[in-house]
Amino acid sequence: MAGLGTLINVAGILVGGLFGLIFGKFMTGRYQDTLNSACGICVIFIGIGGTVEKMMTVAGQGLISHGTMMIIGSFVMGSLLGEWLNIEKHLEEFGCWLKARTGSSGDNLFVDGFVTASLTVCIGAMAVVGAIQDGIYGNTPFLPPKQFWISSLSWL
C-alpha cells in the first residue's frame, strides 16, 4: 500500500515527540546532549550513505563517480533560494508564535528545539527520499518490510 511508510513515519514522529515531552524532563542535560549528538551523527551517515550509494559504482578495479555536478548545483541553488526566501527567519517566527500559543514562554530553548526538530523531520534524508520512494514506487527502503508493519499493526 503506497503511503504506508509515510504514515508510519508520522506515527513514529508523534510517538517520539510525546515520549520526549513526557520523559525528557527526567533526563539530565548530559544525557540529552549525548542523545542529540548520537542522532545527529546517525542522520549524517544515513544522508552520506544514500548519496554515495547513487553517486559511485564499482567498475573493475576502481570507482566511477556520477552526478557530482548535480549535487553541487543542488546545494548552490538550494542555499541561494533558502537565503532569498529567508526560510530560517520565517521558521523562527513560526516557532515564536507556537511558543506563545502553547504557553511555553518560560522555555528559553523552545524555538531552537522547534527549528531543529522541524529541519530534522521535514528535510532529513529519510523523510524526503523515503516519502518520495513510498509515494511513487510504494517502496519504503528506510523501513522494515511492509509485512513486518502489517503483522505488527494487525491488532489495531
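Me: Which side chains meet in a salt bridge?

Reply: Side chains of opposite charge can pair when their charged atoms come close. A salt bridge here is a side-chain nitrogen of Lys or Arg within 4 Å of a carboxyl oxygen of Asp or Glu. In this structure, Lys89 and Glu93 form such a bridge, at 3.4 Å from N to O, and the count by this rule is one salt bridge. This is a predicted model, in which local features need pLDDT of at least 70 and side-chain atom pairs count only at pLDDT 80 or more, while totals for chains, interfaces and linings use all residues. Residues are numbered from 1 along each chain as its sequence is written, and side-chain values use heavy atoms, with hydrogens and water left out.

Me: Why are Lys89 and Glu93 separated by about one helical turn?

Reply: An α-helix has 3.6 residues a turn, so residues three or four places apart point the same way. Lys89 and Glu93 are about one turn apart because they lie four residues from each other in helix 4. Helices (H or I, at least four residues) and strands (E, at least two) are DSSP runs, numbered from the N terminus.

Me: How is the span of helix 4 to be read?

Reply: The expected span of a helix is 1.5 Å times one less than its number of residues. Helix 4 (residues 87–101) has 15 residues and should therefore span 21 Å, which agrees with the 21 Å between its end C-alpha atoms.

Me: Is Lys89 buried, exposed or partly exposed?

Reply: Buried means under 20% relative accessible area, exposed over 50%, and partly exposed in between (1.4 Å probe, protein chains only). Lys89 is partly exposed because its relative accessibility is 40%. Glu93, at 40%, is also partly exposed, and Cys96, at 45%, counts as partly exposed.

Me: Which residue has a positive phi although it is not a glycine?

Reply: Most residues other than glycine have a negative phi, and most peptide bonds are trans. Asn86 has a positive phi of about 55 degrees without being a glycine. Asn86 lies in the loop between helix 3 (68–85) and helix 4. Just after helix 4, Gly103 has a positive phi of about 75 degrees.

Me: How many disulfides does a search of the whole structure find?

Reply: A disulfide is a covalent bond between the sulfur atoms of two cysteines. The cut-off is a pair of cysteine sulfur atoms within 2.5 Å. The search finds zero disulfides. For Cys39, the nearest cysteine sulfur is that of Cys42, 6.3 Å away.
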